[in-house]
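Dear colleague,

Please find below the structure that I am handing over to you. My findings follow directly after it.

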Amino acid sequence: MVLTISVLFVDDEPGLLDIGKLFLERTSEFTVTTASSASVALDLLKSNGIQAIVSDYQMPGMDGIGFLKRVRAMDKAIPFILFTGKGREEIAIEAFENGADFYLQKGGEPVSQFAELMHKIKAAVDHRQNEAQVTTLNRLYTVLSATNKAIVRIHDKNELLNEICRIAVEKGGFTMVWAGIANPVNRLIEPVAVHGMSEGYLDRITISIDDGPRSLGPTSTAFRDGTYNVCNDIATDERMKPVRESALKQGYHSLAAFPFALDTKNAGVITFYASVSGYFTDQIVRLLDEQSSDLSFAFVTFDHEEQRITAENDLKTSELQYRRLFQTAQDAILILDGDTGEVIDANKFILDMLGYPLEYFVGKHLWELGFIKDKSIAQHAFTELKMNGYIRYEDIPLEKNDGQGFNVEFISNVYLVGDKKIIQCNIRDITDKKLVQDALRASETRYRRLFETAQDGILILDEETGTIVDANKFILEMLGYPLEYFVGKHLWELGFIKDKSIAQHAFTELKMNGYIRYENLPLETKDGQGINVEFISNVYLVGDKKILQCNIRDITARKLAEDALAESDARLNSILQGSPMPQFVIDKDHRVISWNKAIEEYSGVHEAEVLGTRDQWKAFYATERPVLADLLVDEKIELLPEWYQGTVTHSRLVEGAYETTGFLQKIGVSGKWLYFTAAPIRNADGAIIGAVETLEDITERKSAEEALLQANKKLTILNNVTWHDILNQLMGLRTYLELSKREIKDSRILAYIDKEEKVTEVIQWQIEFTRNYHDIGAQAPKWQILSDIISLAIRQLNPPGIGVNVAVKGAEIFADPLIEKVFYNLMENSLRHGDHVTHMDYSVRETEDDLIIIYCDDGVGISGEDKKKLFQKGFGKHTGLGLFLSKEILAITGISITENGEPGKGVRFEITVPMGIYRFAGRT
């Protein structure tokens, strides 16, 4: 039987809706509901049982992507096909990212077009149904696994039934599951466990285990027949008539009942309810039947266990527990006769650990076993055990059957079992423990080596008393004191710290906060020489004891360098003040340190208002936020380049330029477009220590650019709407021409129709050409990394089985953003017309005046006749943009393209980039 698929067809063109419905419903495989907008379609989805959606992209109110997002928020599984004349790759990518099953472009030959659409609908529906079936079966396998784990873990019948019902609902996705046990007194199946949406449903039904009016339903039938019973449509099954209304109200549409444990005193039935009709397929029923079999086995096991527990006495129970512990213990255990010292038992752990069978141990004394090399230890142990009843060795060397040596902890005790003495020997492998101890000693050695060779002075203090317990070699040499001078003293008792209050305050703050830092602390060496240091101290835990570590770094040389830098800054400021351009200087922490006269005149803000007094200057350096950011409107701060924001290291502060508006609104420059340029200031070592910022007012130019941009936007919107509408009408015209050919037999009229179709095809190609040509130059050219552009084109094309070599490292070109289409078109032409292409190659070559980008393949090449018209409009119109459009894209920034390949040996396109619009990363 052929199943009919219910399709929702969404398009704002009534003619295309009629054509789509006509084509799809010509077979008995589809029924079509149409909608002229996404909002109408969303209402239809709520109640019409739709199984698949076909939608246009460009529609008023809500486009196809917006509609897709709304659909996926309601239903993750319904098939969705975007059927549109808008053929941009980014639309297709966005559609797939938001859950579309297929993307199909309008505009082809109508019969083939709709045949492909029907194929896509059926493929999407089949895929989604198979996916749902696989998901359901996977969930049920999870239910089976969880059920078996519950059977192993839970030993109470009611608790087990409750857990199985919970697992089935939460992991299996059933609406409700309940389990009942047959009561032999009242002859009813009484619920003992339920999970899911029931809301009193079980209180309204009575299920008898005997024949009669109350015994017609699937649950009672399953119990009496001893096999599962299924109702796959509660709405139509006559057996469900007494409870149908209540069941449907709860959202139940199908159910299946499975008997369990029929041969035990706790025979019962477990019943599963699903929210859709036809849910219980043969595979699902088999899995659930397997679950009921597992449950039956568990109940039989419960009965046997109860009988065994009743029959066994306390001694056997105790012996069983001991035996289980003995065999599963994670220590090796030997049991010895307390009188003779002979081994009478050994657990599995010691057999695995030493590699000997049980027979090797039984009947021997410890000193007769080969794995104990020192026999005297074993003989002494037995003697001491007889005397004291306990012995312990922390580290005994043993040897395995394969000759491998290891160390163990050996503990032995004497016990009474009844009136007989036994000796239990516990043997624990301490190899890992010894490795940890060795690693700890190695770590302590490494720390000591680091402590002694550190290029900072280090003092170690006791956290409780504050007295020094150790000092490294560096601080002894830096200050000129011996170790004995430090040990046992407090910081404030040491002569090299002149301000004792600093040391006392430091210890108090360390006790409170665990950390302290002084950036510029004056000290004095033993010979009276003054030095400046950076002092950092932290609290650490060593084992369970707290210690204080003080790191002391000599910064005297750095202070001298900073003073020299201050002098250099003064010279730079003198030059800056004489500049006619508005300029200011920031330091390496992005704080403003100089503000010239020209920027004062431009902004009306004086240098003192930006830099402040000396006290304010210090306050600026005490904050983490750059002073530059304090000059900007808050909402503009995140627009700053990274090196303005202080989010990158100083070594990455490089030359750059930036356009923006409103940046200096806080200091009176409002509504102006400014062009920022920045040049780094470097010290003698080449390290960046700041930057000079220059401003240029470009408000008039930006106003003119904005006016032009708005005009282009309006023109683009008008063109897009016109192209979309004309292409939709052309598709309708081509469809009706095709239908006319099928109905008309007159050869003359058919000849006219063939000519009309050719004219229609030409019109469509011309519209597509103008749409592609319109995009050229729509955006401003920009610098682009050549390898990134080519890689993007390769990813979009994904040429199957073809090697692509890209050797253009470091090259950047200034070109129209559409240049990626040029490289895409070159490779697509190779795939379409190269015949046997197996390799593509990109490379660059620099001449005295130009950069040549070379693209080659190993296909059939281009004939001499085709070379003459290769870049003419219309040639290659079936290969995407065509080489004519590629040439136009490149020409925007003065780039040219030629083809110099040899016919029969592949193509060779050479793209010539003039000097000034190419560069290489890292080259000055």
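A residue is called buried here when its relative accessible area is under 20%, exposed when it is over 50%, and partly exposed in between (1.4 Å probe, protein chains only). By that rule, the buried residues of helix H7 are Pro218, Thr219, Ser220, Thr221, Ala222 and Phe223.

This is a predicted model, in which local features need pLDDT of at least 70 and side-chain atom pairs count only at pLDDT 80 or more, while totals for chains, interfaces and linings use all residues. Residues are numbered from 1 along each chain as its sequence is written, and side-chain values use heavy atoms, with hydrogens and water left out.

The chain as a whole

The secondary structure of the chain comes to 29 helices and 33 strands; these are DSSP runs numbered from the N terminus, helices being H or I with at least four residues and strands being E with at least two. Of the 924 residues in the chain, 43% are buried. A contact means heavy atoms within 4.5 Å. Among the contacts with a separation of 6 or more, 55% are between residues 24 or more positions apart.

Helix H7 and its surroundings

H7 spans residues 218–225 and is mostly covered, with six of its eight residues buried. Those buried residues pack against E6, E7, strand E8 (229–231), E9 and E10. Just after H7, Gly226 takes a positive phi of about 75°.

Arg187 lies between strand E6 (176–183) and strand E7 (188–196), and its phi is near 60°. Ala261 is in the loop between strand E9 (254–260) and strand E10 (268–274), with phi near 50°. Arg187 counts as partly exposed because its relative accessibility is 36%, whereas Ala261 is buried, with a relative accessible area of 4%.

Helix packing

Axes are lines fitted to C-alpha atoms, for helices over the stretch in contact, and angles run from 0 to 180 degrees between N-to-C directions. Angles under 35 degrees count as roughly parallel, over 145 as roughly antiparallel, 65 to 115 as roughly perpendicular and the rest as oblique. A crossing is left-handed if the near helix is turned anticlockwise from the far one by less than a right angle, and right-handed if clockwise. For residue classes, Ala, Val, Leu, Ile, Met, Phe, Trp, Tyr, Cys and Pro count as nonpolar, Asp, Glu, Lys and Arg as charged, and the others, Gly among them, as polar.

The axes of helix H1 (residues 14–24) and H5 come within 10 Å and cross at roughly 70°, so H1 and H5 are roughly perpendicular to each other. The crossing is right-handed. H1 contributes Ile19, Gly20, Phe23 and Leu24 to the contact, and H5 contributes Val111, Phe114, Met118 and Ile121. By class, these are seven nonpolar, one polar and no charged residues.

Helix H5 (residues 110–153) also packs with helix H6 (residues 157–170), at an angle of about 160° and with the axes 10 Å apart. H5 and H6 are therefore roughly antiparallel, and their crossing is right-handed. Val143, Ala146, Thr147, Ala150, Ile151 and Arg153 of H5 meet Leu160, Glu163, Ile164, Ile167 and Ala168 of H6. This contact has eight nonpolar, one polar and two charged residues.

Helix H3 (residues 64–74) and helix H4 (residues 89–97) have axes that come within 10 Å and cross at roughly 5°; H3 and H4 are therefore roughly parallel. Ile65, Leu68 and Lys69 of H3 make the contact with Ile91, Glu94 and Ala95 of H4.

Two individual residues

Leu8 is found in strand E1 (residues 5–10) and is buried, at 0% relative accessibility. Leu8 and Thr34 are 26 residues apart in sequence and 5.8 Å apart in space, C-alpha to C-alpha. Not counting residues up to four places away in sequence, Leu8 touches residues including Thr34, Leu44, Ile50 and Val54.

Ser579 lies in the loop between helix H18 (556–577) and strand E21 (583–587) and counts as buried at 17% relative accessibility. The side chains of Ser579 and Gln583 are joined by a polar contact of 2.9 Å. A polar contact is a pair of N or O atoms within 3.5 Å; within protein, one must be able to donate a hydrogen and the other to accept it, and residues adjacent in sequence count only if both atoms are side-chain atoms. A polar atom of the Ser579 side chain also lies 3.2 Å from the backbone nitrogen of Met581.

With kind regards
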